[in-house]
Amino acid sequence: MRDLARTSLVPLPAKGVEAVGLVSVTKRFPGVVAVDDVSLGIRSGEVHVLLGENGAGKSTIVGMLAGLQLPDEGHLTVNGVPVRLASPVESLAAGINTVFQHVMLVPTLTVFENLVLGDAWWHRPPRALIEARIAELQRDFGLRVPLDAITGDLSLGEQQQIEIARALLRESHVLILDEATSMLTPQGADELGERMRRLAERGLAVVFITHKLSEAYRFGDRISVLKQGRFAGEIGPDALAAMAEKDAVDEMVQLMFGSSDTGLASAARQSRPRGACSLKVSGLSTQGGVEEMALSDISLEVFAGEILGVAGIDGNGQKQMAEAIAGQRPVTAGTVELESRNVTQESVGKRRELGLRYLTDDRLMEGSVGLFAVSENTVLKEIGAPPFWSYGFEKPARIAAHARDLIQRFSVRTPGEATPIGHLSGGNIQKVLLGRELSGAAKVVVFNKPTYGLDMQNIAASRQRIRDIAEGGMAVLLISTDLDELLELADRIAVMDRGRICGVLDNDATQPAEMRTAIGRLMVGEAPAEVDA
Amino acid sequence: MTASDTQTATTPSNGPVEVQREARLARFAVMTLGPIAAAVIASGLILVVFGINPITYYTFVIERGLFSGLGLEQTLTRMAPLLFLAAGLIVAFRAGIWNLGVDGQFLLGAVASAALAPALLGVLPGWIVLLMGFVLAGLVGAVWSVLPALLRAYQGVNEIITTLMMTFLGVSLANVLVKLVFLDPKTTVPQTRTIPVPDRLPRLFDSTISSGLVWAVAAVLLVHVVMTRTAFGLKLRTVGANPHAAAHAGLSVPRLTVAVFAISAAFAGLAGASEILGVNGNVRADWNPAYGLMVIPLVFLARFHGVGSIILIFFYSALLIGSESAARRVGVPQDFTLVLVATLLIFLGLAEWLDHRRRKGGG
């Protein structure tokens with residue numbers, strides 16, 4: 001049994017030795033490959049930064065290291081020995097401690113009670129020993145741990161220190177900090193960085209998960225970049241030490257947003273002369289929340305036959321913008337105009353009727369009802385409307401015929417229209433949703449990450465559909481975190497950062513590298529665009 | 001259970017549809033009849049422990065509840081309020097709303113109709129009085145759900161807690177109303193004024209069966225059709241299955257949520273009215289049959305299916321009526337039905353878990 005205060009930090013492997021490793025690890029979720037054949041080595045005495053956008057697979061890797069998820073393929077190693085971490089208890093026993101993004105302490109208990117939680121229940125907690133150890137931690141790492149305070153009264157930064165202290169009280173070889181700075185003030189983040197450095201000096205392997213480039217540079221010894229579930233590259237300690245911050249950021253941008261060489265590089269789409277303005281958004285703002293980006297003063301225009309790409313690091317307000325345009329999210333200011341008609345006050349249904357379609361990025365949780373049949377999902381946005389309902393009564397035969405037609409036209413692979421849609425693969429669900437959005441008189445289609453999590457074949461097919469839609473004279477707003485996709489498809493590319501549009505660039509297919517750099521820099525808010533907006 | 005399992009395994013397939021239907025039937029047998037059989041056996045063992053022959057007990061219950069004329073009439077009469085409650089629960093559960101406060105809504109509906117009917121009798125024609133009694137009971141039930149509904153719809157407050165709390169308040173309020181406001185001054189026992197038997201809901205044919213049964217069956221069937229065949233039903237089911245998808249599809253989730261509460265609670269109120277206007281004729285102080293808590297497991301057992309619910313409620317009513325007599329004759333307390341139902345629930349949960357595991361293992 002693990003005893004809290006028995007051991008100190010001593011039994012650590014030598015520096016530079018691999019403490020924990022991932023060997024060709026793959027993890028799939030319904031419809032999405034979250035981690036795709038990733039190998040990583042986490043070494044003692046290093047701060048290893050895992051860098052990547054939301055959805056790049058960082059959290060899934062943390063989940064596997066913490067024993068919350070098991071890899072589908074490949075395995076983990078601890079001190080070079082293959083292990084199976086099937087539960088958090090096993091992960092802790094292997095010396096891996098995780099400090100999650102959201103504090104995992106019981107707010108109503110005292111700090112001391114939180115520290116001894118999960119310890120053996122049959123003896124009194126060794127208060128004196130723990131006090132001594134805490135004093136030691138305070139001296140060595142500057143951790144402030146008021147043992148008798150009620151945890152919920154402390155600030156988030158202080159609570160995080162308690163979690164780190166708890167990790168150190170256990171026999172930790174590896175300390176994982178998952179987006180640990182996201183809840184901290186800049187000063188608090190710097191303190192945490194300093195603390196991580198000292199822990200690494202003591203021989204701990206520290207894994208620091210972030211999507212902030214400057215933190216990665218300042219706090220990390222080694223930076224591994226993940227991109228769409230795949231390992232995109234690494235900057236080793238020597239290389240990193242030799243780089244100035246600007247060069248390092250350039251390198252990271254290159255790794256994060258560079259061409260992923262997926263073999264999908266079809267010819268960039270030729271821009272065509274654009275038609276009338278189909279969608280006009282002016283000064284759109286929304287209310288933010290704890291976990292939601294507020295939109296401020298979003299203005300853009302999409303013309304018939306045009307694809308306007310929206311680039312940006314995930315979570316910078318893209319989803320909120322799409323929802324505000326579709327009518328799902330209340331706006332605090334601004335207007336949405338559809339073919340010169342102000343629809344800001346109209347409902348979701350009315351906007352759809354007028355030809356505005358929104359294909360959500362959340363296929364499973366928002367786009368479809370997994371338990372319902374494919375056929376019901378194809379008419380989910382038209383419940384009660386003729387010809388599928390008459391006088392409020394369902395016409396199952398008409399719905400089934402409509403679904404079969406859609407299945408055929410969009411080549412959905414499904415056992416039948418009565419199959420629950422949750423049983424289909426992500427790509428096939430996406431086809432059903434696309435078919436649903438394109439049925440009837442669509443004029444403007446908003447795509448939110450349409451190819452996210454799909455396999456190669458479906459990505460290519462989806463991109464072709466988007467081309468066809470624009471060819472057909474519809475206006476397309478294409479939100480994507482995949483720069484290759486935007487460069488391939490878009491006529492113009494708007495870049496979002498922290499809820500604002502920080503630039504709109506004309507896509508220049510002849511200079512992909514320059515475009516990439518310009519967009520990447522706008523995305524991370526590092527530099528103003530030199531390309532004219 | 002095992003028999004049906006092996007049967008499906010060995011039956012030659014006559015095409016995919018046939019196989020599917022057979023598989024579904026087999027699954028129904030295993031998942032519904034299996035737990036029932038297991039519960040009957042386990043409860044029988046408990047009877048054995050107490051020195052009572054379970055076969056005698058069960059035979060008596062069945063004879064008394066199903067096969068004696070009067071018993072059957074009582075069984076059918078008892079079904080009416082249970083069915084109205086089931087109608088309300090099916091709407092709520094299919095829409096993903098856990099309205100566990102039906103007992104409070106039921107009791108307040110009962111008190112409302114018990115207060116209204118005697119006051120209007122003689123002033124208005126009998127059938128209008130009955131109709132108004134039902135309407136008022138439905139309204140009062142719906143009103144009692146407004147608070148949990150608004151909290152759930154606009155603040156996301158868990159309705160399981162709030163509806164249960166409102167039930168405690170509702171039961172107490174009903175009592176206060178009976179004891180202080182609608183008290184019949186002519187009796188010493190605190191109760192509302194009694195509706196004379198001829199003014200209650202008419203009885204069916206020459207029997208003692210209350211015609212509330214007909215309306216109750218109609219209510220369950222109506223609810224079933226609305227929930228499975230209409231646009232409104234699909235909207236409610238969408239909200240229940242995935243509120244995000246519902247909002248994405250342009251449905252007003254808060255408004256539909258409030259509607260579900262109102263409909264569900266109104267049916268609970270109607271259940272109260274059917275019991276008072278059809279059977280009891282008055283509400284006595286401290287009367288709380290807690291029918292809602294009995295019906296909830298049955299509706300679950302029927303997988304929210306209307307016809308299934310009717311069948312199960314029929315057998316459950318027979319059990320209730322039969323065990324009332326059995327309590328007197330065999331000496332098994334009437335509360336033993338609760339033991340039977342509780343065991344049934346445990347086996348139901350077990351079957352669900354086994355099924356889940358088997359499917360997970362299978363693919």
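Which residue takes a positive phi just after α12(B)? B:Gly281 does, with a phi of about 85 degrees. Helix α12 of chain B covers residues 253–280; helices (H or I, at least four residues) and strands (E, at least two) are DSSP runs, numbered from the N terminus. This helix has 28 residues and reaches 39 Å from its first C-alpha to its last, close to the 40 Å expected at 1.5 Å a residue, where the expected span is 1.5 Å times one less than the number of residues.

Before going further, a word on the model. It is predicted: local features need pLDDT of at least 70, and side-chain atom pairs count only at pLDDT 80 or more, while totals for chains, interfaces and linings use all residues. Residues are numbered from 1 along each chain as its sequence is written, chains are lettered from A and ligands numbered from 1 in the order in which they are written, and side-chain values use heavy atoms, with hydrogens and water left out.

The predictor gives the complex an ipTM of 0.79 and a pTM of 0.73. Chain B averages a pLDDT (the predictor's confidence in each residue, from 0 to 100) of 87, and 93% of its residues score at least 70. Over residues 1–15 of chain B, pLDDT stays under 50. Where pLDDT is low, the predicted coordinates should not be read in detail.

Now to chain A and its strand β7, residues 174–178. Five of its five residues are buried, meaning under 20% relative accessible area (1.4 Å probe, protein chains only). A:Val174, A:Ile176 and A:Asp178 point one way from β7(A), and A:Leu175 and A:Leu177 the other way. In a regular strand the side chains alternate between the two faces of the sheet.

| Strands | Sense | Bridges |
|---|---|---|
| β6(A) and β7(A) | parallel | four bridges |
| β7(A) and β8(A) | parallel | five bridges |
| β11(A) and β12(A) | antiparallel | five bridges |

A:Asn97 stands opposite A:Leu175 in β7(A), and A:Leu177 stands opposite A:Phe208 in β8(A).

Elsewhere in chain A, an open sheet of four strands has the order β12-β11-β14-β15, with antiparallel pairing. Its edge strands, β12 (298–303) and β15 (341–342), each pair on one side only. Helix α10 (residues 318–326) of chain A packs on this sheet, touching β11, β12 and β14; contact means heavy atoms within 4.5 Å. In β12(A), A:Glu301 is the bridge partner of A:Lys280.

Key
Two strands pair if DSSP finds at least two bridges between them. Axes are lines fitted to C-alpha atoms, for helices over the stretch in contact, and angles run from 0 to 180 degrees between N-to-C directions. Buried means under 20% relative accessible area, exposed over 50%, partly exposed in between (1.4 Å probe, protein chains only).
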